[in-house]
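Hi,

Here's the structure I promised to pass on. Have a look at it first, and then read my notes below.

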Amino acid sequence: LPTATAAPPTVPAAFDPLMCPHAQGKATCWADSALYACKKHPQEARDAVQAKASEGQEAMYGEYMRLVYGKVGCTVDALPTATAAPPTVPAAFDPLMCPHAQGKATCWADSALYACKKHPQEARDAVQAKASEGQEAM
């Protein structure tokens, strides 16, 4: 592992393909992730996200988040009422945003295990050691 004086690693932006729940790193990963996340209309959701490809990864991510957290067209056909509150998008450090083991308290540590090829267990342990400081520290 790097020394304490080494520069901190750069964390990819939330919309970076490396942050996708499925097919990490692929240009189509947000569309592919919508296919898995949207149980009501998976192909339509994938197509809607892929249609944003010409606008870039940030637009694809935005459409993915709109579908998954807005639910309409993804996990429900329609919201119960027109006065329903708009969906809240989780913070980038929220366990729901982890590339692996989404939603679990250990997901960032588990994700480090898969992402770090040189020293996977050491990376997982280093991230897990931050657990007492909260998800944002992990």
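Before the notes, one term: buried means under 20% relative accessible area, exposed means over 50%, and partly exposed is in between, using a 1.4 Å probe and protein chains only. By that rule Asp110 is buried, since its relative accessible area is 11%. Asp110 sits in helix α4, and leaving aside residues up to four places away in sequence, Asp110 touches Ala101, Lys104 and Arg124. Contact here means heavy atoms within 4.5 Å.

A word on where this comes from: it is a predicted model, so local features need pLDDT of at least 70, side-chain atom pairs count only at pLDDT 80 or more, and totals for chains, interfaces and linings use all residues. Residues are numbered from 1 along each chain as its sequence is written, and side-chain values use heavy atoms, with hydrogens and water left out.

Now the overall picture. The protein has 5 helices and 0 strands, giving the pattern α-α-α-α-α along the sequence. Helices (H or I, at least four residues) and strands (E, at least two) are DSSP runs, numbered from the N terminus. Of the 138 residues in the protein, 29% are buried. Among contacts with a separation of 6 or more, 35% are between residues 24 or more positions apart.

Next, how the helices pack. Axes are lines fitted to C-alpha atoms, for helices over the stretch in contact, and angles run from 0 to 180 degrees between N-to-C directions. Angles under 35 degrees count as roughly parallel, over 145 as roughly antiparallel, 65 to 115 as roughly perpendicular and the rest as oblique.

For α1 and α3, the angle is about 10 degrees and the axes are 9 Å apart, so these two are roughly parallel to each other. Trp30, Ala31, Ser33, Ala34 and Ala37 of α1 meet Gln57, Met60, Tyr61, Tyr64 and Val68 of α3. That contact has 8 nonpolar, 2 polar and no charged residues. For the classes, Ala, Val, Leu, Ile, Met, Phe, Trp, Tyr, Cys and Pro count as nonpolar, Asp, Glu, Lys and Arg as charged, and the others, Gly among them, as polar.

Helix α2 (residues 42-50) packs on helix α3 (residues 57-70) at about 150 degrees, with the axes 8 Å apart, so α2 and α3 are roughly antiparallel. Ala45, Ala48, Val49 and Gln50 of α2 make the contact with Met60, Glu63, Tyr64 and Leu67 of α3.

How much space lies in the largest pocket? About 1500 Å³. A pocket, on a 1 Å grid over the protein atoms alone, is an open set of points where a 1.4 Å probe fits, with protein on both sides within 12 Å along at least five of seven lines, and lining residues have an atom within 4 Å of a point. The lining comes to 49 residues, with Val11, Trp108, Ala112, Val127 and Met138 nearest the centre of the pocket. Helices α1, α3, α4 (107-115) and α5 (120-128) each give two or more residues to that lining. By class, the lining has 36 nonpolar, 10 polar and 3 charged residues.

Finally, two alanines. Ala23, in the segment before α1 (29-37), has a positive phi of about 55 degrees although it is not a glycine. Ala92 is in the loop between α3 and α4 and is partly exposed at 48% relative accessibility. Its C-alpha atom is 8.5 Å from that of Glu136, 44 residues apart along the chain.

Cheers

Note on methods: Grid points are joined across faces, edges and corners, and a volume is the space filled by probe spheres set on the points.
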